[in-house]
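Here is a friendly tour of one protein model. Have the sequence and the 3D view at hand as you read.

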Amino acid sequence: MLKQYYLGCLAHASYLIADETTGVAAVVDPQRDVDQYLSDAAAGGLRIEHVFLTHFHADFVAGHLELRARTGATIHLGARAEADYAFVPGRDGDRLELGPNVRLEILETPGHTPESISLVVHDRQQDAVNPYAVLTGDTLFIGDVGRPDLMASVGMTAEELAGLLYDSLRNKLLVLPDATLVYPAHGAGSMCGKNLSKETVSTLGEQRKFNYALQPMARDEFVRLVTADQPEAPGYFAYDADLNRRERPTLDMTLARMLQPLALEEVLRMAAAGAYVLDVRDPADWAGAHLAGSINIGLSGQFATWAGSLLDRTRAIVVVADPGRESEAATRLGRIGFDHLAGYLDTGMAALAGRPELLRAHERVTAPVLAEWLAQAAPPVVLDIRNPGERDAKHIAGSLHIPLAQLERRRGEIPRGRRLVVHCAGGYRSMIALSLLEHHAVPDATDLVGGIAAWEKSALPVQLA
């Protein structure tokens with residue numbers, strides 16, 4: 001059996017592989033909260049005896065230590081890996097028999113990182129000769145390949161890693177049969193590549209035809225192609241990559257400490273001392289009423305990625321959540337190694353009843369009204385906080401572009417003394433931006449309800465690339 005688990009918030013895929021004859025199972029690239037693997041293994045009468053990391057992931061903290069603690073599983077890494085904990089190094093051609101039917105074979109596939117491996121899955125019940133699937137980690141995605149620039153600070157340049165990636169793809173993966181299923185570690189929305197598909201499984205034959213990076217080309221051309229136009233890496237990536245090498249507390253050990261109810265006065269004291277007040281409610285609810293100075297990153301979107309990208313991990317965090325969702329917020333922060341959550345506002349927004357002096361709200365404007373404002377003699381500044389690729393495809397004429405990931409350091413570019421209207425694609429990121437601006441005392445900011453999608457639905461003009 002081979003089961004994929006897909007975590008939408010981090011665009012992360014992990015896998016449970018087992019030989020049901022023996023009941024021996026392996027988990028590949030697990031997320032840090034591991035209950036689902038344990039539950040499925042128990043239901044199927046399986047024993048998780050092995051856990052593989054295809055590389056030291058930068059965008060999340062993996063659950064290899066959690067599975068080791070809960071099951072005694074042996075950890076497997078690529079032969080080039082160096083880690084604080086004991087592991088079995090995997091070299092080209094090394095095999096692990098899970099039973100008479102299922103065998104895992106290691107391919108060393110450096111390029112995204114030096115220690116990257118891929119796992120070829122042989123299932124004799126499916127095919128006695130040819131491999132059934134290959135788990136490619138971040139070496140090969142559906143529609144893309146892993147970016148080679150994330151680990152360029154470890155003694156190799158992005159160009160050198162891209163050259164290794166070229167060899168790994170052509171000499172290790174593309175020699176497998178076309179029918180081999182390709183299971184990567186990420187899908188669309190991940191920052192580990194630039195053109196990932198929404199699909200989470202394909203065949204090697206399909207990727208050979210349609211993946212831009214697998215088309216026939218010289219090494220130099222490939223290096224130029226895969227190093228160009230990569231998105232800005234979130235600041236927490238280097239921290240998580242290093243944390244995945246370390247012996248560290250498990251998530252179970254940290255959650256109890258993170259989930260402390262805090263009275264309002266304690267939250268105010270901590271905020272005054274420099275802690276973030278992180279409001280994880282729906283963006284519309286934050287706009288309606290919130291604790292002054294709080295930062296809104298809603299649980300409804302890519303919460304962990306944006307929290308890791310925008311928040312300084314050296315500062316304490318206090319969560320404001322709808323009652324009952326505090327544990328979800330803590331777990332999702334824990335998935336990226338943000339174990340410094342100091343607690344949550346007890347009873348949530350109800351704690352602010354009778355304290356109107358602590359509350360703030362934000363005006364929101366519809367697309368037709370914004371169009372009327374823009375036609376006036378003193379129009380507002382329209383701030384587009386989408387990514388460069390989104391902006392290049394279409395934008396509101398005359399708008400100012402500062403990507404959300406750069407807003408903290410570039411907010412001085414925003415003209416003062418004029419009304420400011422912020423927009424993204426649909427409204428999730430613009431409320432994050434609005435809260436950051438309020439946090440830094442930038443006045444007169446308004447949100448465009450529904451973002452540029454609502455602007456287009458109102459038949460208002462956009463400027464195309």
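The report below goes from the whole fold to a helix, a loop residue and the cysteines.

**The whole fold**

Please keep in mind that this is a predicted model. Its secondary structure comes to 16 helices and 26 strands. With a radius of gyration of 24 Å, close to the 23 Å that the globule rule gives for 465 residues, the protein is as compact as a globular protein of that length. Laid along the principal axes, the C-alpha atoms fill a box of roughly 75 × 50 × 40 Å.

Of the 465 residues, 55% count as buried. If you count contacts between residues at least 6 apart in sequence, 68% of them join residues at least 24 apart.

**An enclosed helix**

Helix H10 spans residues 303–310. Because 7 of its 8 residues are buried, H10 is largely enclosed by the rest of the structure. The buried residues are Phe-303, Ala-304, Thr-305, Trp-306, Ala-307, Gly-308 and Leu-310. What covers them? The cover includes strand E14 (276–279), helix H11 (326–334) and helix H15 (428–439).

**A loop residue**

Now turn to Asp-346, which sits in the loop between strand E18 (341–345) and strand E19 (359–360). Leaving aside neighbours within four places in sequence, Asp-346 is in contact with Pro-261, Leu-262 and Ala-351. Another residue to look for is Pro-323: it is 23 residues from Asp-346 in sequence, and the two are 8.2 Å apart in space, C-alpha to C-alpha.

**The cysteines and a side-by-side view**

How many disulfides does a search of the whole structure find? It finds 0. Cys-424 is in no disulfide, and the nearest cysteine sulfur, that of Cys-9, is 16 Å away.

| Residue | Relative accessible area | Class |
|---|---|---|
| Cys-9 | 12% | buried |
| Cys-424 | 1% | buried |
| Asp-346 | 38% | partly exposed |

Why do Cys-9 and Cys-424 count as buried? Buried means under 20% relative accessible area, and Cys-9 has 12% while Cys-424 has 1%. Asp-346, at 38%, is partly exposed, because that class lies between 20% and the 50% above which a residue is exposed.

Terms used
Residues are numbered from 1 along each chain as its sequence is written. This is a predicted model: local features need pLDDT of at least 70, side-chain atom pairs count only at pLDDT 80 or more; totals for chains, interfaces and linings use all residues. Side-chain values use heavy atoms; hydrogens and water are left out. A disulfide is a pair of cysteine sulfur atoms within 2.5 Å. Buried means under 20% relative accessible area, exposed over 50%, partly exposed in between (1.4 Å probe, protein chains only). Helices (H or I, at least four residues) and strands (E, at least two) are DSSP runs, numbered from the N terminus. The radius of gyration is taken over C-alpha atoms; the globule rule is 2.2 Å times the number of residues to the power 0.38. Contact means heavy atoms within 4.5 Å.
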